[in-house]
Amino acid sequence: MKLTVFGATGGIGQEIVRQALASGHQVTAVVRDPARLGVTGERLEVFRSDLSDPQALRPAVAGRDAVFSGLGARRRADAGIASELTRSVLGAMEAEGTRRLLVVSAAPLGRAPGREPLFDRAVLSVINAVLKDVYDDLRTMERELARSATDWTAVRPPRLLDRPLTGNYRKSVGGNPPSGRTIGRADVAHAMLAMAGDPATLKQGVGVAY
């Protein structure tokens, strides 16, 4: 497949690029600073952009089978960039008629399962309070997705870890896996690549966790 990855220098974005290339896909990595991309390959195209102009992004998404985004705030001071930059991606995709989009969101945006333990509900409540601005930004992003013409999926991991790919994780369409507190970035990337061809995840939030 022909794939495009936004936020390709981030932890999840680089894993998507790396795993997609290993699976034989043709990948366009959209980055601000190519020097930060630690992945190479003969099927890799590096597309440099500051992401502010949807028109400038159109060549990066034209004719692609799926687009992936790891864009988002890495600290509270950056709150707002997920929704802002995703609008640019959506504008480019809609102009080109590219439909499949998978983005990284966060577990606190997912509806908690009915039997979620009290401790886990309490932890989510505290995290929501501490990172309110970041999650408000992600909620705005998901509303933009819902209003768009794309076939989107918002992937909602809990606390992210740096650990090798296991391929052993749970997912919940429309919710969060019960007591799912962590997941490795490599496994989030693996899950997103697997969901690209899964019609059950279209226009859905999907929780992923160990």
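Start by selecting N176: this residue is buried, with a relative accessible area of 9% (buried means under 20% relative accessible area, exposed over 50%, partly exposed in between, with a 1.4 Å probe and protein chains only). N176 sits in the loop between β8 (170-173) and β9 (182-184). Strands here are DSSP runs of E with at least two residues, helices are runs of H or I with at least four, and both are numbered from the N terminus.

Before you go on, note that this is a predicted model, where local features need pLDDT of at least 70, side-chain atom pairs count only at pLDDT 80 or more, and totals for chains, interfaces and linings use all residues. Residues are numbered from 1 along each chain as its sequence is written, and side-chain values use heavy atoms, leaving out hydrogens and water.

Next, show the strands. You'll find an open sheet of eight, in the order β3-β2-β1-β4-β5-β6-β10-β8, with mixed pairing; two strands pair if DSSP finds at least two bridges between them. At the edges are β3 (44-48) and β8, each pairing on one side only. Neighbouring strands of this sheet are turned by 20° against each other on average, direction ignored; the axes are lines fitted to C-alpha atoms (for helices, over the stretch in contact), and angles run from 0 to 180 degrees between N-to-C directions.

Zoom in on β4 (residues 66-69). A66 and F68 point one way, V67 and S69 the other, and all are buried. In a regular strand, side chains alternate between the two faces of the sheet. Strand β1 (residues 2-6) pairs with β4 in the parallel sense over four bridges; pick T4 and you'll find V67 as its bridge partner. β4 also runs parallel to β5 (residues 100-104), joined by three bridges, and here F68 is partnered by L102.

Move along to β6 (residues 151-156) and β10 (residues 204-209): these run parallel too, joined by four bridges. Select T153 to find its bridge partner in β10, Q204.

Last stop: helices α1 (residues 11-22) and α6 (residues 185-195). Their axes come within 8 Å and cross at roughly 55°. That makes α1 oblique to α6 (under 35 degrees counts as roughly parallel, over 145 as roughly antiparallel, 65 to 115 as roughly perpendicular, and the rest as oblique). For the contacts (heavy atoms within 4.5 Å), select I12, I16 and Q19, which are among the α1 residues at this meeting, and V188, M192 and L193, which are among those from α6.
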